[in-house]
Amino acid sequence: MNAETSVLRINQEGYTEGLPVSAAVLADGPVILRNAAGETVRTFSVAPPETDPASGDKVTLLDLGLLEAGDYELQAGAVRRRFAVRSQAWNSVTHALLKGLYYQRCGCELDPVHAGQYSHPACHTAPAMDWEDRSIRRRVTGGWHDAGDYGKYVGPGAVTVGHLLYAWKLFPRGCSDPLNIPESGNGVPDILNEARYELEWLLQMQRSDGAFHHKLTKDHFAPFIMPQDDLDPEYLMPVGWCATADACACLALAFRVYRSFDEAFANRMLLSARRAWDWLQANPDFKPYVNPEGVRTGWYGCRSDADDRFWAACELFAATGEKQFRESAEKLYASGLQITQFGWAEVAGMGALCCLFDLKEAAGEILWTRLREDFISRCEDILVLSRASGYGTALAPDGYVWGSILPIMGGAMAMIMAALLTGRQDMRNAALLQWHYALGMNALDLCFVTGCGERPVMHPHHRPSGADSIDAPVPGLISGGPNNKICFPQTREKLGENVPPAKYFLDETPSADTNEIAIYWNSPAVFVGAYFNLPPLC
Ligand SMILES: [Zn+2]
């Protein structure tokens with residue numbers, strides 16, 4: 001990778017024909033656009049650049065308009081940068097992000113046919129112990145390793161599957177290519193085959209009373225070893241309210257998706273979702289999950305389960321048509337929810353997806369008409385954030401948290417939904433700028449997806465990538481990106497206090513705080529990529 005950043009920042013995976021082409025320019029003077037024949041297509045006079053508050057860069061966001069398919073070159077002063085415009089330019093990166101989840105599979109061999117040089121023997125196959133009752137041992141296998149570590153967490157896993165299933169429901173043509181995974185060719189789209197690997201694990205995480213264990217992890221994070229060498233015992237950690245509601249929602253949604261492919265599997269999921277809901281009804285008083293003493297793996301704690309219950313109620317209403325679920329969803333919506341949030345901590349946006357794109361009028365006055373207005377109004381705020389940024393990034397300067405890629409991809413999801421609901425091109429184009437951010441049009445001149453773009457992340461905080469003795473990291477994993485909020489002391493030591501938030505990043509393996517990967521960061525990017533793989537809808 002070229003260590004030097006360019007004054008011309010582009011989507012390093014190129015651009016899709018029929019969508020506006022944007023580039024960020026960190027220079028004064030004219031910018032020349034040439035075609036493959038070297039002819040000048042257009043010369044842009046760049047106004048004196050303004051300072052981008054999140055990065056401190058003096059940058060101009062250039063709209064190059066709609067370009068015909070072909071190869072192009074941008075020139076600013078002596079600097080030139082090439083890019084291509086093609087149909088479905090982002091098909092490969094979208095599918096790489098899906099294949100990235102296959103590489104996270106736990107409990108099975110990743111064989112050389114499907115994993116190439118990243119193959120490894122099966123991992124984490126020993127029976128797990130119940131943390132609270134060590135006499136209980138259960139074989140719980142499968143699922144995806146959550147992130148850079150080898151833990152498996154119910155809430156984050158459920159949300160990840162939710163993103164994938166909605167990507168497939170809404171934009172099937174943008175995310176249904178074969179992935180070269182063991183199930184390929186079985187008549188089911190591979191995105192659903194891959195999601196099922198997690199769903200089968202989720203079903204095993206349910207306790208006999210209907211509640212879901214919060215997670216299946218060791219009591220500490222493994223060192224940087226390969227997963228098959230991580231042999232310490234795994235524990236079924238205590239059950240959790242958010243985990244139970246998120247699993248309930250995800251399984252009810254999956255019932256609708258898989259019904260036409262495998263009815264028995266779909267029915268098993270709906271039954272599990274109903275039992276989870278019954279447990280939630282019998283246990284109305286939320287208790288936040290806390291790690292038991294002596295457990296130091298991921299916390300994934302929440303302050304409330306209202307958003308999780310809301311998503312579950314919406315999905316159960318969509319799955320069954322039973323009014324009790326709509327009434328529950330209406331009550332929970334009235335409690336005030338962040339309906340444009342799609343991450344593991346706030347899942348109300350997933351319920352909004354269900355209401356606005358599946359239930360529609362059937363959701364009723366409150367969950368269709370009112371929620372729609374509320375949703376679009378909140379998207380205006382996301383649009384304002386994008387316009388305030390020199391790169392068009394819909395994140396306030398103080399919003400660069402651990403995993404800042406999540407609110408950025410979540411903002412893109414929300415604006416895509418707003419564009420589909422209203423036909424507004426400004427929403428669609430702002431969503432597109434978030435995709436460009438992820439793939440290189442950013443203050444670091446970095447493509448955050450491993451194995452993609454000219455300057456990809458090379459040293460993600462990801463145990464197999466760090467332990468496999470292969471130079472290139474496991475491909476198709478998206479980095480969390482800049483974070484100046486909660487940082488490791490060694491990150492502070494290296495970057496100090498004066499590096500701006502959008503540049504608070506280290507492409508170094510130990511930097512989990514800025515450069516970890518996570519399944520639930522890949523999945524919203526799949527949603528966004530799947531949408532932009534389609535011809536523009538508005
Ligand atoms: Zn494993």
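Leaving aside neighbours within four places in sequence, which residues is Tyr 258 in contact with?

Modeller: First, the ground rules. This is a predicted model, where local features need pLDDT of at least 70 and side-chain atom pairs count only at pLDDT 80 or more, while totals for chains, interfaces and linings use all residues. Residues are numbered from 1 along each chain as its sequence is written, and side-chain values use heavy atoms, with hydrogens and water left out.

Now Tyr 258. Contact means heavy atoms within 4.5 Å. Neighbours within four places in sequence are left aside. Tyr 258 then touches Leu 165, Leu 192, Ala 195, Arg 196, Leu 199, Glu 263, Phe 265, Ala 266 and Met 269.

Two residues on that list also meet each other. The charged end of Arg 196 sits over the ring of Phe 265, 3.6 Å from the ring centre. The test for this has two parts: NZ of Lys or CZ of Arg must be within 6 Å of the ring centre and within 35 degrees of the ring normal.

Next, the core around Tyr 258. A nonpolar core is a set of buried Ala, Val, Leu, Ile, Met, Phe, Trp, Tyr and Cys residues joined through side-chain atoms within 4.5 Å. Buried means under 20% relative accessible area, exposed means over 50%, and partly exposed is in between (1.4 Å probe, protein chains only). The largest nonpolar core has 182 residues. Phe 83 and Tyr 258 have the most contacts inside this core. Helix α5, residues 241-258, gives the core its largest share, 14 residues. Helices (H or I, at least four residues) and strands (E, at least two) are DSSP runs, numbered from the N terminus.

There is also a second, separate core of 6 residues. Trp 131, Tyr 235, Tyr 289 and Val 295 are among them. Here, too, a charge meets a ring: Arg 134 lies over the face of Trp 131, 4.3 Å from the ring centre.

Rings also pair with rings. Rings of Phe, Tyr and Trp (its six-membered ring) pair if their centres lie within 6.5 Å; planes under 30 degrees apart count as stacked, over 60 as edge-to-face and the rest as tilted. The whole structure holds 22 aromatic pairs. One of them joins Tyr 103 and Tyr 118, edge-to-face, at 5.9 Å centre to centre and 75 degrees between the planes. Tyr 103 is in helix α1 and Tyr 118 is in the loop between α2 and β10, 15 residues apart. Tyr 103 counts as buried because its relative accessibility is 12%. Tyr 118 is buried as well, at 10%.
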